[in-house]
Amino acid sequence: MAENIIKTKSFSFALRIVKLYQFLSSEKKEFVLSKQLLRSGTSIGALVRESEHAESKQDFIHKLAIAQKEANESDYWIELLFQSDYLNETQFQTLNSDIVEINRILASIIISTKKNL
């Protein structure tokens, strides 16, 4: 069985976000922005998992479109945390790279699924 790349990448991203939240809340004493990122960053993978049991292709597209919105929101929080000096350049670059890749994969899946309706 082939690896489900979006499932793998979104789960790995969620795990990084959980660890980042733990770091930001314990080391940096930052609770508000990091909590927002925790919610949006972990919901991407949850929505990808939900899409595996979609009731129709339209439902599948809808769930992945919501995951894409959550990824866009996560990108916002990551940038805000960086610009407000809670993340260093390296942390920002790796997280940003991951979320851009996840967004591209989600967009590709949505577009190809719409073509096959």
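In the predicted model, Phe-92 is buried, with a relative accessible area of 11%, where buried denotes under 20% relative accessible area, exposed over 50% and partly exposed the range in between, computed with a 1.4 Å probe on protein chains only. Residues are numbered from 1 along each chain as its sequence is written, and side-chain values rest on heavy atoms, with hydrogens and water left out. Because the model is predicted, local features require pLDDT of at least 70 and side-chain atom pairs pLDDT 80 or more, whereas totals for chains, interfaces and linings use all residues.

Aromatic rings of Phe, Tyr and Trp (its six-membered ring) are paired if their centres lie within 6.5 Å, with planes under 30 degrees apart counted as stacked, over 60 as edge-to-face and the rest as tilted; two aromatic pairs result from this rule. The rings of Phe-82 and Phe-92 are stacked, since their centres are 4.3 Å apart and their planes stand at 15 degrees. This pair links distant parts of the chain, with Phe-82 in helix α3 (residues 57-83) and Phe-92 in helix α4 (residues 89-115), ten residues apart; helices are DSSP runs of H or I with at least four residues, numbered from the N terminus. Phe-82 is likewise buried, at a relative accessible area of 17%.

Leaving aside neighbours within four places in sequence, Ile-44 is in contact (heavy atoms within 4.5 Å) with residues including Phe-13, Ala-67, Ile-99 and Leu-106.

Five salt bridges are present in the structure, each defined by a side-chain nitrogen of Lys or Arg within 4 Å of a carboxyl oxygen of Asp or Glu. Between the side chains of Lys-9 and Glu-101 the N to O distance is 3.3 Å; as Lys-9 lies in helix α1 and Glu-101 in helix α4, the pair ties together parts that are 92 residues apart in sequence. Asp-98 and Arg-16 form a salt bridge at 2.5 Å, N to O, and this pair links helix α4, which holds Asp-98, with helix α1, which holds Arg-16, 82 residues apart.

Conventions:
Helices (H or I, at least four residues) and strands (E, at least two) are DSSP runs, numbered from the N terminus.
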